Amino acid sequence: MRLDKFLKVSRIIKRRTVANEACDAGRVLVNGQSAKASKDIKVGDKIEIQFGQRIVKVEVVSVKETVKKDEAAEMYKEL
């Protein structure tokens, strides 16, 4: 699954366009490397996102195309 789509489906970022912009600005790292929105995400990948001064680090637990709102948080684990 694409990085921007994962961020939207897991509800880490609310809109796919915003996720795209964050990737283009270099604020998203996957396994310690700057990643484009089209980067393929797999289970076990570590994603680091910079929101202003705050940095959010998560590990991918599952990859699903669609999930319900209450199940979205189960797609990742905060580090």
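The legends below describe close-up views of a predicted model.

Residues are numbered from 1 along each chain as its sequence is written. Because the model is predicted, local features need pLDDT of at least 70 and side-chain atom pairs count only at pLDDT 80 or more, while totals for chains, interfaces and linings use all residues, and side-chain values use heavy atoms, with hydrogens and water left out.

View 1. D4 lies in helix 1, which spans residues 3-9; helices (H or I, at least four residues) and strands (E, at least two) are DSSP runs, numbered from the N terminus. D4 counts as buried because its relative accessibility is 0%, where buried means under 20% relative accessible area, exposed over 50%, and partly exposed in between (1.4 Å probe, protein chains only). Not counting residues up to four places away in sequence, D4 touches R16, A19, N20 and A37, a contact being heavy atoms within 4.5 Å.

View 2. In helix 2, residues 16-24, the residues A19, A22 and C23 are buried. They sit on the same side of helix 2 because they cover an arc of only 100° around the axis, the arc being that of the directions from the helix axis to the C-beta atoms. An α-helix has 3.6 residues a turn, so residues three or four places apart point the same way. The buried residues of helix 2 pack against helix 1 and strand 1 (28-30), whereas the face turned away from the buried side carries the exposed residues T17, E21 and D24. After helix 2 comes G26, with a positive phi near 80°.

**View 3. The largest nonpolar core.** A nonpolar core is a set of buried Ala, Val, Leu, Ile, Met, Phe, Trp, Tyr and Cys residues joined through side-chain atoms within 4.5 Å. The largest one has 24 residues, of which L3, F6, L7, I12, V28, I41 and I47 touch the most other members. At least two residues of this core come from each of helix 1, helix 2, strand 1, strand 3 (46-51) and strand 4 (54-60), and helix 1 supplies the largest share, 4 residues. Leaving out residues up to four places away in sequence, I12 touches F6, L7, I49, F51, V58 and Y76.

View 4. N31 is found in the loop between strand 1 and strand 2 (33-34), and N31 counts as partly exposed because its relative accessibility is 45%. Apart from neighbours within four places in sequence, N31 is in contact with D45 and K46.
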